[in-house]
Amino acid sequence: MKSELNNISLSTTDAGQGLPLVFLHGFPLHRGAWQMQIDALRSSYRVIAPDLRGFGESQTRPGPATMPQYAADVHALLQRLLTGPVVLIGHSMGGYVALAFARQFSEMLRGLVLVGTKAGADTSEAAAGRRATAEKVKAEGVQVVVEAMAPKMLAAGNQDPRLVGQVRGIMNSSTTKGVIGALLGMAERPDSTGLLAQIAVPTLVVTGADDTVIPPAESEKLARAIAGAQMRTIPHAGHLVAFEQPEEFNRLLVDWLNRTGLASMPSTSS
Ligand code: MLT
């Protein structure tokens, strides 16, 4: 489905009925990274997964794609889809967007799931590194980022050629404009640590035990800072935990939705 909003066309999967679960992918991915959640959960929930601007089939504009901009796109999409408040599930950069969404649109949140992500901003060195990478992508293309990131997405021991090929396929579909925008946007994102104490909806934090991109210690920090947050570590999983261990991830998510009572809340979705 394509929606014209905020001067771009945003592509989204919107499947099933019931409690709206909104999945935000990481960098440099697209909504296909959530396909195994979409397939498994659409029979019981309304599953919504946009391609963030500049990724997959969504358009973007030149310049930094800031976390508040991505969050504003998601908010505009949810208004268009008449979802009412949602459970927002963000992986890595999608988690940065979820935190921006929580800051800007808390009235639209029923629950939050933070997957392989963190609240802190980039150090000045990390931000400079992202800007240098953006320059390199401009000169040499998205391969620069794909080659650097693809080997780190799955657990070090996992060389499953099917999964490795799928991850590379998703990454290779990224455009230079989308990747540069996200790099510049992540470099300027604010520190969200102060926001965590204000999060008042049920929250689940999930990490892959073997995540080397955003190590489990970052998830532990999130879980400690958010009142009542549950933390789960999935073994034999790297950064792309929901993709690498979909059955375990889906089981944890559904279990948490049931235990928090979110699963049985009346849905306002259309
Ligand atoms: C991601 O997976 O979204 C990125 O690794 C996040 C980041 O680079 O900070």
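Me: Where is Pro28 found?
Reply: First, a word on the source: this is a predicted model, where local features need pLDDT of at least 70, side-chain atom pairs count only at pLDDT 80 or more, and totals for chains, interfaces and linings use all residues. Residues are numbered from 1 along each chain as its sequence is written, and side-chain values use heavy atoms, with hydrogens and water left out. Helices (H or I, at least four residues) and strands (E, at least two) are DSSP runs numbered from the N terminus. Going by those, Pro28 is in the loop between strand E3 (20-24) and helix H1 (35-41).

Me: Is the peptide bond from Phe27 to Pro28 cis or trans?
Reply: Look at omega for that bond: it is near -10°. The bond from Phe27 to Pro28 is cis.

Me: Which residues are around the ligand?
Reply: Here a residue is near a molecule if one of its heavy atoms lies within 4 Å of it. By class, that shell has six nonpolar, three polar and one charged residue; Ala, Val, Leu, Ile, Met, Phe, Trp, Tyr, Cys and Pro count as nonpolar, Asp, Glu, Lys and Arg as charged, and the others, Gly among them, as polar. The residues are Gly26, Phe27, Ser92, Met93, Tyr96, Arg130, Met149, Met186, Val213 and His239.

Me: How much of the ligand does the protein bury?
Reply: Start with the polar contacts (pairs of N or O atoms within 3.5 Å). A backbone N or O atom of Phe27 is 2.7 Å from a ligand oxygen, a polar side-chain atom of Ser92 lies 2.8 Å from a ligand oxygen, and a polar side-chain atom of Arg130 also lies 2.8 Å from a ligand oxygen. On its own the ligand exposes 270 Å² (Shrake-Rupley method, 1.4 Å probe), and of that the protein buries 93%.

Me: Where does the ligand sit?
Reply: On a 1 Å grid over the protein atoms alone, a pocket is an open set of points with protein on both sides within 12 Å along at least five of seven lines, and its lining residues have an atom within 4 Å of a point. A molecule sits in one if more than half of its atoms lie within 2 Å of the grid points. By that test, the ligand is in the largest pocket.

Me: Which helix gives the most to the lining of the largest pocket?
Reply: This pocket holds about 470 Å³ of space, a volume being the space filled by probe spheres set on the grid points, which are joined across faces, edges and corners. Of its 22 lining residues, the closest to the centre are Phe27, Arg130, Met149, Met186 and Val213. Helix H3 (93-104), helix H4 (124-140), helix H5 (143-153) and helix H7 (176-187) each give two or more residues to the lining. The one that gives the most, with five residues, is H5.

Me: What is the volume of the largest cavity?
Reply: A cavity is a set of grid points where a 1.4 Å probe fits but cannot get out, and the structure holds two of 30 Å³ or more. Among the residues lining the largest cavity are Met67, Tyr96 and Arg189, and H3 gives the most to that lining, with four residues. Its volume is about 70 Å³.

How values were computed. Polar contact = N/O pair within 3.5 Å; in protein donor to acceptor, adjacent residues only side chain to side chain.
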